[in-house]
Amino acid sequence: MYIKRNIGWGLILRYAWKNLIFFSLYTASIFSVYHFSDLKFIDIPFQPLSVIGIAVAFYIGFKNSQSYDRFWEARKIWGGIVNYSRTWANQVVSLVNDNQETKKIMIHRHIAWINALRIQLRQPTSFSLKENMAVENLFKKHGEQKPACDATKNFVSDEEYQELLKRKNTATHIVKNQGLHVKKLCSEGKITEFDKLLFHDTLEELYNLQGKCERIKNTPFPRQYAYFSTVFTWIFVLLLPFGLLDVFESELNDMSLELQPWFIFLMIPLSVLIAWIFTTMEKIGSNSEDPFEGRVNDVPMTALCRTIEIDLRDMLDEENLPEKVQPKDNILY
């Protein structure tokens with residue numbers, strides 16, 4: 001999640017440099033053919049192009065709105081994970097009549113769960129967004145493509161870790177292990193049957209929150225909106241220079257001969273600017289549709305996991321707590 005108030009031009013150019021170069025060369029070539037080769041017939045009326053532009057703007061607006069809804073739902077889910085993590089730790093500390101080591105095992109196992117879930121959600125899928133090399137190199141430094149079990153190693157016993165290595169869904173089995181531990185405590189008389197119900201209610205909610213994350217992760221943004229939004233945007237920006245030729249040509253008759261060459265030359269930067277605005281609006285939606293990829297606009301799960309870890313270990317009265325995750329390149333992961 002980008003945290004700086006104003007987005008730096010360095011980051012903007014990482015995304016835009018290829019398009020800006022392409023639009024500049026493309027528009028300049030069309031202008032050269034029109035102006036220097038005297039092929040005046042290549043211009044098209046701007047009126048139908050403006051209708052296309054309006055339609056594309058509405059389509060992009062819908063896509064961006066729905067993409068933001070996916071991000072905001074994901075952030076609310078992780079807000080629930082934060083709250084229920086504290087609830088779980090409070091229940092362990094308050095209700096378990098056993099030694100401190102038992103409480104530590106149950107709370108640390110929960111820390112293992114949130115980190116395993118984070119890693120699982122950040123694994124790429126067939127529909128994951130692919131950016132240009134400049135952007136991909138930025139995230140490669142902070143990527144988390146390791147197995148989910150690696151995130152649990154410091155929080156569970158070696159025996160449990162070896163058992164988790166065999167599982168397909170690490171996070172699911174960690175919650176299962178919590179339920180088995182609760183059952184064992186109840187059979188030993190260290191919690192009551194009512195306490196057991198409270199624990200299982202919390203575990204059920206953790207499964208619900210995990211399932212909601214997996215629903216967003218495994219359900220791509222509808223391709224008919226994502227794909228055709230890109231197609232329609234590029235149709236518009238590729239036709240744009242031809243339409244602007246018509247607009248600028250109609251204004252030439254009212255100008256002096258000295259100003260005419262310079263006036264029509266303005267078509268190039270204006271066309272590049274409009275094309276960049278439309279493609280950027282379209283890309284904003286694309287970058288927001290998958291909120292668990294660990295990119296600029298995604299949910300900062302690493303920071304949230306660290307916040308939960310600090311809170312839960314503090315509830316255990318542990319010392320030497322880890323520091324909060326700091327942003328890297330103004331991005332909080």
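**Helix packing and aromatic pairs in an all-helix model**

Helix H3 (residues 100–121) packs against helix H6 (residues 170–187) at an angle of about 160 degrees, and their axes lie 8 Å apart. Axes here are lines fitted to C-alpha atoms, for helices over the stretch in contact, with angles from 0 to 180 degrees between N-to-C directions. H3 is therefore roughly antiparallel to H6 (over 145 degrees; under 35 is roughly parallel, 65 to 115 roughly perpendicular, the rest oblique). The crossing is left-handed: the near helix is turned anticlockwise from the far one by less than a right angle.

This is a predicted model: local features need pLDDT of at least 70, side-chain atom pairs count only at pLDDT 80 or more, and totals for chains, interfaces and linings use all residues. Residues are numbered from 1 along each chain as its sequence is written, and side-chain values use heavy atoms, without hydrogens and water.

Which residues meet? On the H3 side they include Ile105, Met106, Arg109, Trp113 and Leu117. On the H6 side, Ile174, Val175, His181 and Leu185 are among them. Contact means heavy atoms within 4.5 Å. The residues of this contact divide into eleven nonpolar, seven polar and one charged. Ala, Val, Leu, Ile, Met, Phe, Trp, Tyr, Cys and Pro count as nonpolar, Asp, Glu, Lys and Arg as charged, and the others, Gly among them, as polar.

Now the rings. The whole structure holds twelve aromatic pairs. Rings of Phe, Tyr and Trp (its six-membered ring) pair if their centres lie within 6.5 Å; planes under 30 degrees apart are stacked, over 60 edge-to-face, the rest tilted. Phe22 and Trp234 have ring centres 5.9 Å apart and planes at 55 degrees, so this pair is tilted. Phe22 sits in helix H1 (residues 9–35) and Trp234 in helix H8 (residues 223–252), so the pair ties together parts 212 residues apart in sequence. Phe22 is partly exposed, at 35% relative accessible area. Trp234 is partly exposed too, at 28%. Buried means under 20%, exposed over 50%, partly exposed in between (1.4 Å probe, protein chains only).

Tyr59 and Tyr225 make another tilted pair, 6.3 Å centre to centre with 45 degrees between the planes. Tyr59 is in helix H2 (residues 46–95) and Tyr225 in helix H8, 166 residues apart.

Step back to the whole chain. It has eleven helices and zero strands. These are DSSP runs numbered from the N terminus (helices H or I, at least four residues; strands E, at least two). Buried residues make up 44% of its 333 residues.
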